[in-house]
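Visitor: I have a model open beside its sequence, and I would like to learn how to read its features one at a time. Could you take me through them?

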Amino acid sequence: MSAFDWQVRVYWEDTDAGGVVYHARYLHFLERARTEWLRSCGYEQGHLSASIDMVFAVRHMNIDFLKPAKLDDMLMVRITLSQCRRASFTAQHEIWRGRELLLTGSAQIACLSASKFKPQAIPGPLLGLIQNGVNA
């Protein structure tokens with residue numbers, strides 16, 4: 001996988017009084033895109049938590065807001081994997097409105113035990129999938 005794209009429309013609830021997307025809402029868009037990427041790979045976060053006591057958590061995030069998104073815009077969120085370790089990976093993010101780049105960023109995602117919230121290794125098949133994405 002070289003990149004995963006997911007579309008989202010900007011709704012009234014996503015905007016501030018000026019009609020532009022409130023800065024914290026971009027985090028929702030990025031989280032949903034990572035969740036949908038996992039789902040497209042055959043992994044659902046609720047199932048991972050319940051079946052193998054595993055969750056993913058954001059450890060570090062860096063965001064550069066370039067241009068504002070507005071009410072009713074159709075956005076494309078792009079996820080590209082850039083680094084993978086045994087218990088974490090880094091995802092690069094972009095949000096586009098057509099050909100206009102609105103946001104860039106990165107997130108380091110840690111794999112944790114769901115019951116203890118301590119780091120644990122990413123399960124083998126999923127780790128291989130992430131590593132293949134990094135090397136794509």
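Predicted model: local features only at pLDDT ≥ 70, side-chain atom pairs only at ≥ 80, totals over all residues.

Visitor: Which strands pair in the antiparallel sense over six bridges?

Guide: Strands (E, at least two residues) and helices (H or I, at least four) are DSSP runs numbered from the N terminus, and two strands pair if DSSP finds at least two bridges between them. Here the six bridges link β1, residues 4-9, with β3, residues 74-84, in the antiparallel sense.

Visitor: How many bridges join β3 to β4?

Guide: Eight bridges join them, and β4, which covers residues 88-97, runs antiparallel to β3. R78 stands opposite E94 in β4, and the two strands form a hairpin with three residues between them. As a general idea, in a regular strand the side chains alternate between the two faces of the sheet.

Visitor: Which residues have the most contacts inside the largest nonpolar core?

Guide: In soluble globular proteins, nonpolar side chains tend to be buried together. A nonpolar core is a set of buried Ala, Val, Leu, Ile, Met, Phe, Trp, Tyr and Cys residues joined through side-chain atoms within 4.5 Å, where buried means under 20% relative accessible area, exposed over 50% and partly exposed in between, with a 1.4 Å probe and protein chains only. The largest core in this model has 32 residues, and those with the most contacts inside it are F56, V77, F89 and I95. The elements giving two or more residues to this core are β1, α1 (25-40), β2 (54-65), β3, β4, β5 (100-113) and α3 (124-134), and α1 gives the most, with six residues.

Visitor: What does I95 touch?

Guide: Contact means heavy atoms within 4.5 Å. Not counting residues up to four places away in sequence, I95 touches a set of residues that includes Y26, F29, L30, V77 and L102.

Visitor: How many disulfides does the structure hold?

Guide: A disulfide is a pair of cysteine sulfur atoms within 2.5 Å, and the structure holds zero of them. For C41, the nearest cysteine sulfur is that of C84, 12 Å away, whereas for C84 the nearest is that of C111, 10 Å away. C41 is partly exposed, with a relative accessible area of 24%.

Visitor: Is T15 buried or exposed?

Guide: T15, found in the loop between β1 and α1, is counted as buried because its relative accessible area is 14%. Leaving aside neighbours within four places in sequence, T15 is in contact with V10, V20, V21, Y22 and L71.

Visitor: Where is R25, and what does R25 touch?

Guide: R25 has its place in helix α1 and is buried, with a relative accessible area of 16%. Beyond residues up to four places away in sequence, R25 touches E13, D14 and R32.

Terms used
Residues numbered from 1 in each chain as written. Heavy atoms only, no water.
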